[in-house]
Amino acid sequence: PVTNAGSPLIMARDMTLNGGGPLIRDRLWGFGAYRFYVVKAAQLASLNSNGLPGTDPNHQSNGTVRLDYQASPKNHLDLLWLYNVQNRFYRRSTSYTYVDQQAAGRQIEPAWAMQAEYTAAVTPNFMIDTRAGYMHLHEDQQNEPGVTPTTLSVADVTLSTLKGVQQTYPLTRSGLTRLASSASWFKGGWL
């Protein structure tokens with residue numbers, strides 16, 4: 001194994017697209033955005049089978065869609081949807097100094113969230129704000145290409161190396177729902 005560790009940057013790309021405006025005059029507005037972000041770094045402490053340094057490519061995509069609806073001068077509704085996916089390849093165990101490319105794991109992490117917000121001016125002095133939202137995350141770590149069901153994980157604690165296949169397969173799926181409402185009463189003229 002190579003003993004001088006580091007992660008020199010090979011490539012970085014960041015591309016975005018945004019747009020929005022009125023969909024129905026004085027009633028409905030929309031906005032959308034997309035971002036694609038790529039970073040690729042060399043892993044000097046991990047060699048491929050050809051003897052060259054391994055790589056650590058990461059891809060991230062984000063999407064946003066928002067709608068704002070003015071039902072009346074006193075009633076407003078916002079809808080928001082966010083999407084994010086991170087593709088993180090060659091995730092190495094931190095328990096070893098050297099982990100070869102095949103023994104690394106691949107994290108594919110899609111997540112999304114949505115939220116609705118309703119605001120009402122019941123009277124000139126009384127406001128109600130209600131929000132509901134949900135967030136979903138799916139994260140699991142898969143094997144890198146080339147790993148078969150018969151591939152063994154070979155760990156050498158003396159040399160602090162891991163070869164063959166990753167030792168664990170973390171799996172996380174979670175969701176969170178929230179609901180909140182508030183009411184505000186105020187009396188003008190006191191400032």
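Tyr-134 is partly exposed, with a relative accessible area of 24% (buried means under 20%, exposed over 50%, partly exposed in between, with a 1.4 Å probe and protein chains only). The model is predicted, so local features need pLDDT of at least 70 and side-chain atom pairs pLDDT 80 or more, while totals for chains, interfaces and linings use all residues. Residues are numbered from 1 along each chain as its sequence is written, and side-chain values use heavy atoms, without hydrogens and water.

**Exercise 1.** Classify the aromatic pairs of the structure.

*Solution.* Step 1: the search of the whole structure gives two pairs. Rings of Phe, Tyr and Trp (its six-membered ring) pair if their centres lie within 6.5 Å; planes under 30 degrees apart count as stacked, over 60 as edge-to-face and the rest as tilted.

Step 1: the centres of Trp-81 and Tyr-83 are 5.9 Å apart and the planes stand at 15°, so this pair is stacked.

Step 2: for Trp-112 and Tyr-134 the values are 5.2 Å and 55°, so this pair is tilted. The pair links distant parts of the chain, 22 residues apart: Trp-112 lies in strand 6 (residues 105-123) and Tyr-134 in strand 7 (residues 126-143). Strands are DSSP runs (E, at least two residues), numbered from the N terminus.

Note on methods. Helices (H or I, at least four residues) and strands (E, at least two) are DSSP runs, numbered from the N terminus.
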